[in-house]
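Please look over the sequence and the structure shown here. A short report follows, topic by topic.

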Amino acid sequence: MDPHTLTLMYARNFAFMFYGFAAAWVIVALYVISLARRGARLKKELDDVRRLIASEAGEQDFRV
Amino acid sequence: MREKVIYGLAAAAALFLAINLYRIFLVLPDDALQGPIYRIIFFHVPAALTGFIGYFVALAFSVWYLSSGKLKYDSLAASVTEVALIFSCVNIVMGSIWARVIWGIWWTWDARLTSTLISILIYSGYLMLRRAIDEPTQRARLSAALSIFGCLDVVIIWKSIEWFRTQHPAPVLSIRTGGGDIDPAMEHMIYYNLAAILLLAAALVLVRTRQESMSREIDSLRRMANAVERNVA
(Lines give C-alpha, C1' and ligand atoms only; values in the text may rest on other atoms or scores of the structure.)
Protein backbone atom coordinates (compact mmCIF):
# COMPACT_ATOMS: atom_id res chain seq x y z
CA MET A 1 0.00 0.00 0.00
CA ASP A 2 1.38 3.45 -0.86
CA PRO A 3 2.25 5.86 2.01
CA HIS A 4 -0.48 8.34 1.01
CA THR A 5 -3.23 5.68 1.35
CA LEU A 6 -1.74 4.55 4.66
CA THR A 7 -1.79 8.14 5.97
CA LEU A 8 -5.44 8.51 4.92
CA MET A 9 -6.36 5.21 6.61
CA TYR A 10 -4.58 6.27 9.80
CA ALA A 11 -6.38 9.64 9.78
CA ARG A 12 -9.77 7.93 9.33
CA ASN A 13 -8.92 5.42 12.05
CA PHE A 14 -7.94 8.27 14.39
CA ALA A 15 -11.11 10.23 13.58
CA PHE A 16 -13.34 7.25 14.44
CA MET A 17 -11.44 6.76 17.70
CA PHE A 18 -12.24 10.40 18.51
CA TYR A 19 -15.93 9.89 17.62
CA GLY A 20 -16.05 6.83 19.89
CA PHE A 21 -14.64 8.65 22.91
CA ALA A 22 -16.73 11.75 22.20
CA ALA A 23 -19.92 9.67 21.97
CA ALA A 24 -19.17 8.01 25.32
CA TRP A 25 -18.61 11.34 27.09
CA VAL A 26 -21.66 12.92 25.44
CA ILE A 27 -23.88 10.06 26.74
CA VAL A 28 -22.46 10.38 30.27
CA ALA A 29 -22.70 14.21 30.18
CA LEU A 30 -26.33 14.13 29.00
CA TYR A 31 -27.16 11.71 31.81
CA VAL A 32 -25.44 13.92 34.42
CA ILE A 33 -27.37 16.97 33.11
CA SER A 34 -30.65 15.02 33.22
CA LEU A 35 -29.85 13.94 36.82
CA ALA A 36 -29.16 17.54 37.85
CA ARG A 37 -32.42 18.77 36.28
CA ARG A 38 -34.42 15.96 37.84
CA GLY A 39 -32.83 16.72 41.24
CA ALA A 40 -33.77 20.40 40.99
CA ARG A 41 -37.35 19.51 39.97
CA LEU A 42 -37.76 17.05 42.86
CA LYS A 43 -36.38 19.58 45.36
CA LYS A 44 -38.89 22.19 44.17
CA GLU A 45 -41.73 19.64 44.29
CA LEU A 46 -40.76 18.61 47.84
CA ASP A 47 -40.69 22.25 49.01
CA ASP A 48 -44.11 22.86 47.37
CA VAL A 49 -45.69 19.82 49.05
CA ARG A 50 -44.19 20.78 52.44
CA ARG A 51 -45.54 24.33 52.05
CA LEU A 52 -48.97 22.97 51.06
CA ILE A 53 -49.11 20.71 54.14
CA ALA A 54 -48.00 23.55 56.42
CA SER A 55 -50.69 25.86 55.02
CA GLU A 56 -53.41 23.15 55.23
CA ALA A 57 -52.41 22.29 58.80
CA GLY A 58 -52.62 26.01 59.67
CA GLU A 59 -56.09 26.21 58.08
CA GLN A 60 -57.24 23.17 60.11
CA ASP A 61 -56.02 24.81 63.39
CA PHE A 62 -57.91 27.97 62.45
CA ARG A 63 -61.20 26.01 61.88
CA VAL A 64 -60.82 24.15 65.19
CA MET B 1 -22.31 13.25 54.91
CA ARG B 2 -23.71 11.70 51.72
CA GLU B 3 -22.80 14.88 49.79
CA LYS B 4 -19.18 14.48 50.87
CA VAL B 5 -19.11 10.83 49.80
CA ILE B 6 -20.58 11.75 46.38
CA TYR B 7 -18.04 14.54 45.84
CA GLY B 8 -15.23 12.29 47.09
CA LEU B 9 -16.18 9.48 44.71
CA ALA B 10 -16.62 11.88 41.77
CA ALA B 11 -13.23 13.52 42.47
CA ALA B 12 -11.50 10.13 42.77
CA ALA B 13 -13.16 8.99 39.50
CA ALA B 14 -12.11 12.22 37.71
CA LEU B 15 -8.50 11.90 38.91
CA PHE B 16 -8.34 8.20 38.03
CA LEU B 17 -9.89 8.82 34.59
CA ALA B 18 -7.45 11.70 33.87
CA ILE B 19 -4.47 9.46 34.71
CA ASN B 20 -5.94 6.62 32.62
CA LEU B 21 -6.61 8.89 29.62
CA TYR B 22 -3.02 10.12 29.77
CA ARG B 23 -1.76 6.52 29.76
CA ILE B 24 -4.22 5.38 27.06
CA PHE B 25 -3.34 8.16 24.62
CA LEU B 26 0.26 9.00 25.43
CA VAL B 27 1.92 5.93 26.97
CA LEU B 28 0.41 2.86 25.31
CA PRO B 29 1.45 2.31 21.66
CA ASP B 30 -0.93 1.85 18.72
CA ASP B 31 -2.06 -1.69 18.01
CA ALA B 32 0.00 -3.29 15.21
CA LEU B 33 -3.09 -4.39 13.25
CA GLN B 34 -5.83 -1.93 14.23
CA GLY B 35 -3.89 1.33 14.72
CA PRO B 36 -5.24 3.90 17.21
CA ILE B 37 -8.89 2.76 17.05
CA TYR B 38 -8.17 -0.20 19.35
CA ARG B 39 -8.04 2.30 22.27
CA ILE B 40 -11.83 2.16 22.30
CA ILE B 41 -11.40 -1.18 24.13
CA PHE B 42 -10.32 0.73 27.27
CA PHE B 43 -13.84 2.19 27.63
CA HIS B 44 -15.89 -0.32 25.62
CA VAL B 45 -15.06 -3.32 27.85
CA PRO B 46 -15.11 -1.50 31.24
CA ALA B 47 -18.46 0.11 30.32
CA ALA B 48 -19.87 -3.36 29.51
CA LEU B 49 -18.50 -4.82 32.77
CA THR B 50 -19.91 -1.85 34.74
CA GLY B 51 -23.30 -2.57 33.16
CA PHE B 52 -23.09 -6.28 34.05
CA ILE B 53 -22.02 -5.56 37.64
CA GLY B 54 -24.81 -3.00 37.95
CA TYR B 55 -27.47 -5.41 36.70
CA PHE B 56 -26.36 -8.08 39.18
CA VAL B 57 -26.26 -5.58 42.06
CA ALA B 58 -29.78 -4.50 41.03
CA LEU B 59 -30.81 -8.17 41.00
CA ALA B 60 -29.49 -8.56 44.57
CA PHE B 61 -31.45 -5.48 45.74
CA SER B 62 -34.58 -6.73 43.93
CA VAL B 63 -34.38 -10.12 45.63
CA TRP B 64 -33.71 -8.31 48.94
CA TYR B 65 -36.84 -6.23 48.38
CA LEU B 66 -38.93 -9.33 47.60
CA SER B 67 -37.75 -11.04 50.79
CA SER B 68 -37.95 -8.01 53.13
CA GLY B 69 -40.68 -5.85 51.55
CA LYS B 70 -38.66 -2.68 52.30
CA LEU B 71 -39.09 -0.10 49.54
CA LYS B 72 -35.60 1.34 50.01
CA TYR B 73 -34.16 -1.80 48.37
CA ASP B 74 -36.48 -1.26 45.41
CA SER B 75 -35.18 2.33 45.14
CA LEU B 76 -31.59 1.10 45.26
CA ALA B 77 -32.33 -1.49 42.54
CA ALA B 78 -33.90 1.19 40.31
CA SER B 79 -30.97 3.60 40.82
CA VAL B 80 -28.34 0.97 40.04
CA THR B 81 -30.28 -0.28 36.99
CA GLU B 82 -30.56 3.22 35.50
CA VAL B 83 -26.82 3.88 35.85
CA ALA B 84 -25.95 0.40 34.52
CA LEU B 85 -28.18 1.05 31.50
CA ILE B 86 -26.27 4.27 30.72
CA PHE B 87 -22.99 2.35 30.68
CA SER B 88 -24.51 -0.38 28.51
CA CYS B 89 -25.46 2.35 26.02
CA VAL B 90 -21.88 3.70 26.14
CA ASN B 91 -20.66 0.14 25.47
CA ILE B 92 -22.90 -0.47 22.46
CA VAL B 93 -22.33 2.98 20.86
CA MET B 94 -18.54 2.73 21.21
CA GLY B 95 -18.63 -0.84 19.92
CA SER B 96 -20.63 0.23 16.89
CA ILE B 97 -18.13 2.99 16.03
CA TRP B 98 -15.25 0.54 16.46
CA ALA B 99 -17.06 -2.01 14.27
CA ARG B 100 -17.47 0.54 11.48
CA VAL B 101 -13.68 0.74 11.12
CA ILE B 102 -12.70 -2.87 11.81
CA TRP B 103 -15.65 -4.82 10.35
CA GLY B 104 -16.76 -2.19 7.83
CA ILE B 105 -20.31 -2.15 9.29
CA TRP B 106 -22.05 -0.25 12.09
CA TRP B 107 -24.16 -3.20 13.20
CA THR B 108 -24.77 -6.88 12.63
CA TRP B 109 -27.27 -9.30 14.18
CA ASP B 110 -24.48 -11.22 15.88
CA ALA B 111 -25.23 -13.13 19.13
CA ARG B 112 -23.30 -10.74 21.42
CA LEU B 113 -24.64 -7.54 19.84
CA THR B 114 -28.22 -8.79 19.65
CA SER B 115 -28.29 -10.05 23.26
CA THR B 116 -26.81 -6.70 24.41
CA LEU B 117 -29.49 -4.81 22.49
CA ILE B 118 -32.16 -7.04 24.06
CA SER B 119 -30.81 -6.27 27.55
CA ILE B 120 -30.96 -2.53 26.79
CA LEU B 121 -34.59 -2.96 25.68
CA ILE B 122 -35.45 -5.02 28.79
CA TYR B 123 -33.93 -2.48 31.20
CA SER B 124 -35.45 0.47 29.29
CA GLY B 125 -38.76 -1.37 29.73
CA TYR B 126 -37.96 -1.68 33.45
CA LEU B 127 -37.59 2.11 33.77
CA MET B 128 -40.73 2.74 31.68
CA LEU B 129 -42.69 0.27 33.82
CA ARG B 130 -41.69 2.19 36.95
CA ARG B 131 -43.07 5.41 35.48
CA ALA B 132 -46.31 3.73 34.44
CA ILE B 133 -47.27 2.31 37.87
CA ASP B 134 -48.15 4.72 40.71
CA GLU B 135 -48.77 2.24 43.50
CA PRO B 136 -45.32 1.77 45.15
CA THR B 137 -45.68 -1.87 46.28
CA GLN B 138 -47.03 -3.08 42.93
CA ARG B 139 -44.34 -1.09 41.09
CA ALA B 140 -41.60 -2.57 43.26
CA ARG B 141 -42.85 -6.15 42.88
CA LEU B 142 -43.15 -6.00 39.09
CA SER B 143 -39.81 -4.19 38.76
CA ALA B 144 -38.10 -6.87 40.86
CA ALA B 145 -39.56 -9.60 38.64
CA LEU B 146 -38.33 -7.81 35.51
CA SER B 147 -34.90 -7.26 37.05
CA ILE B 148 -34.58 -11.01 37.72
CA PHE B 149 -35.70 -11.77 34.16
CA GLY B 150 -33.25 -9.19 32.73
CA CYS B 151 -30.31 -10.86 34.47
CA LEU B 152 -30.95 -14.05 32.51
CA ASP B 153 -30.14 -12.07 29.37
CA VAL B 154 -26.98 -10.69 31.01
CA VAL B 155 -25.77 -14.29 31.49
CA ILE B 156 -26.50 -14.94 27.79
CA ILE B 157 -24.50 -11.80 26.82
CA TRP B 158 -21.54 -12.98 28.91
CA LYS B 159 -21.55 -16.52 27.49
CA SER B 160 -22.61 -15.61 23.91
CA ILE B 161 -19.03 -15.22 22.65
CA GLU B 162 -18.24 -18.73 23.87
CA TRP B 163 -21.49 -20.36 22.74
CA PHE B 164 -21.70 -18.77 19.27
CA ARG B 165 -18.77 -18.07 16.95
CA THR B 166 -20.15 -15.13 15.02
CA GLN B 167 -18.82 -11.62 14.24
CA HIS B 168 -17.83 -10.42 17.74
CA PRO B 169 -14.34 -11.55 18.84
CA ALA B 170 -13.98 -14.42 21.33
CA PRO B 171 -13.01 -13.62 24.97
CA VAL B 172 -9.53 -12.08 25.38
CA LEU B 173 -9.35 -11.22 29.09
CA SER B 174 -7.14 -13.62 31.07
CA ILE B 175 -9.87 -14.05 33.71
CA ARG B 176 -11.77 -15.98 31.01
CA THR B 177 -9.08 -17.46 28.83
CA GLY B 178 -6.25 -18.08 31.28
CA GLY B 179 -4.02 -15.52 29.51
CA GLY B 180 -2.06 -15.11 26.30
CA ASP B 181 -4.75 -13.40 24.19
CA ILE B 182 -4.00 -9.78 25.05
CA ASP B 183 -0.87 -7.86 26.03
CA PRO B 184 -0.72 -7.64 29.87
CA ALA B 185 -0.14 -3.83 29.72
CA MET B 186 -3.36 -3.43 27.73
CA GLU B 187 -5.30 -5.80 29.97
CA HIS B 188 -4.16 -3.95 33.12
CA MET B 189 -5.30 -0.68 31.54
CA ILE B 190 -8.78 -2.20 31.04
CA TYR B 191 -8.95 -3.05 34.77
CA TYR B 192 -7.64 0.41 35.84
CA ASN B 193 -10.33 2.03 33.73
CA LEU B 194 -12.94 -0.38 35.06
CA ALA B 195 -12.04 0.84 38.58
CA ALA B 196 -12.36 4.50 37.48
CA ILE B 197 -15.71 3.91 35.74
CA LEU B 198 -17.03 1.96 38.76
CA LEU B 199 -16.16 4.96 40.99
CA LEU B 200 -18.04 7.26 38.61
CA ALA B 201 -20.99 4.83 38.51
CA ALA B 202 -21.04 4.65 42.34
CA ALA B 203 -21.21 8.47 42.55
CA LEU B 204 -24.08 8.54 40.02
CA VAL B 205 -25.93 5.76 41.90
CA LEU B 206 -25.68 7.74 45.16
CA VAL B 207 -27.10 10.86 43.46
CA ARG B 208 -29.90 8.79 41.91
CA THR B 209 -30.66 7.03 45.23
CA ARG B 210 -31.04 10.40 46.96
CA GLN B 211 -33.53 11.40 44.25
CA GLU B 212 -35.47 8.16 44.77
CA SER B 213 -35.73 8.84 48.51
CA MET B 214 -36.94 12.40 47.74
CA SER B 215 -39.62 10.89 45.46
CA ARG B 216 -40.71 8.54 48.24
CA GLU B 217 -40.89 11.47 50.67
CA ILE B 218 -43.00 13.48 48.18
CA ASP B 219 -45.37 10.48 47.79
CA SER B 220 -45.83 10.07 51.54
CA LEU B 221 -46.26 13.84 52.10
CA ARG B 222 -48.91 13.91 49.35
CA ARG B 223 -50.79 11.13 51.10
CA MET B 224 -50.51 13.08 54.35
CA ALA B 225 -51.78 16.23 52.57
CA ASN B 226 -54.79 14.27 51.27
CA ALA B 227 -55.53 12.99 54.78
CA VAL B 228 -55.32 16.55 56.22
CA GLU B 229 -57.60 17.77 53.41
CA ARG B 230 -60.18 15.08 54.22
CA ASN B 231 -60.08 16.07 57.93
CA VAL B 232 -60.61 19.74 57.01
CA ALA B 233 -63.58 18.79 54.79
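## The nonpolar core

The largest nonpolar core holds 58 residues, and B:Ile40 and B:Ala77 have the most contacts inside it. The top contributor is H3(B), with 17 residues. The model is predicted.

In soluble globular proteins, nonpolar side chains tend to be buried together. What does B:Ala77 touch, not counting residues up to four places away in sequence? Its partners are B:Ala58, B:Phe61, B:Ser62, B:Tyr65, B:Ser143, B:Ala144 and B:Ser147.

## Chain B overall

Chain B has seven helices and zero strands. Along the sequence the pattern reads α-α-α-α-α-α-α. The C-alpha trace of chain B spans about 80 × 40 × 30 Å along its principal axes.

Chain B has 233 residues, and 36% of them are buried. Take the contacts in chain B with a separation of 6 or more: 79% of them join residues 24 or more positions apart.

## H2 against H3 in chain B

Two packed helices are described by the angle between their axes and the distance between the axes. Helix H2 (residues 41–68) of chain B packs on helix H3 (residues 71–102) of chain B at about 160 degrees. Their axes are 7 Å apart. Angles over 145 degrees count as roughly antiparallel, so H2(B) and H3(B) are roughly antiparallel to each other.

The H2(B)–H3(B) crossing is left-handed. The contact of H2(B) with H3(B) has 19 nonpolar, 10 polar and one charged residues.

## H5 against H3 in chain B

The axes of H3(B) and H5(B) cross at roughly 50 degrees and come within 10 Å. How are H3(B) and H5(B) oriented to each other? They are oblique. Their crossing is left-handed.

From H3(B), the contact uses B:Leu71, B:Asp74, B:Ala77, B:Ala78 and B:Thr81. From H5(B), it uses B:Pro136, B:Ala140, B:Ser143, B:Ala144 and B:Ser147. By class, the residues of the contact of H3(B) with H5(B) are six nonpolar, three polar and one charged.

## H5 against H2 in chain B

H2(B) and H5(B) pack at about 145 degrees, with axes 9 Å apart. H2(B) passes H5(B) in a left-handed crossing.

H2(B) brings B:Phe52, B:Tyr55, B:Phe56, B:Ala58, B:Leu59, B:Ser62, B:Tyr65 and B:Leu66 to the contact. H5(B) brings B:Ala140, B:Ser143, B:Ala144, B:Ser147, B:Ile148, B:Gly150, B:Cys151, B:Val154 and B:Trp158. The contact of H2(B) with H5(B) has 13 nonpolar, four polar and no charged residues.

B:Phe56 is in helix H2 of chain B. Is B:Phe56 buried or partly exposed? A buried residue needs 20 or more other C-beta atoms within 10 Å. B:Phe56 has 16 C-beta neighbours inside 10 Å, so B:Phe56 counts as partly exposed. B:Phe56 and B:Ile148 are 92 residues apart along the chain, and their C-alpha atoms are separated by 8.8 Å. Both residues take part in the contact of H2(B) with H5(B).

B:Ala60 is also in helix H2 of chain B. With 15 C-beta neighbours inside 10 Å, B:Ala60 counts as partly exposed. B:Ala60 and B:Ala203 are 143 residues apart in sequence and 19 Å apart in space, C-alpha to C-alpha. B:Ile19 sits in helix H1 of chain B. B:Ile19 is partly exposed because 13 other C-beta atoms lie within 10 Å. B:Ile19 and B:Ala196 are 177 residues apart along the chain, with 9.7 Å between their C-alpha atoms.

## Where the chains meet

How many residues does each chain give to the contact? Chain A gives 28 residues and chain B gives 31 residues. On the side of chain A that touches chain B, 18 residues are nonpolar, four are polar and six are charged.

Methods
Residues numbered from 1 in each chain as written. Chains lettered and ligands numbered in written order. Predicted model: local features only at pLDDT ≥ 70, side-chain atom pairs only at ≥ 80, totals over all residues. Axes fitted to C-alpha atoms, helices over the stretch in contact; angles between N-to-C directions. Helix = DSSP H or I, 4+ residues; strand = E, 2+ residues; numbered from the N terminus. Parallel < 35°, antiparallel > 145°, perpendicular 65-115°, else oblique. Left-handed = near helix turned anticlockwise from the far one by under 90°. Nonpolar A, V, L, I, M, F, W, Y, C, P; charged D, E, K, R; others polar. Contact = placed C-beta atoms within 7 Å. Core = buried A, V, L, I, M, F, W, Y, C linked by C-beta atoms within 7 Å. Buried ≥ 20, exposed ≤ 12 C-beta atoms within 10 Å, placed from the backbone.
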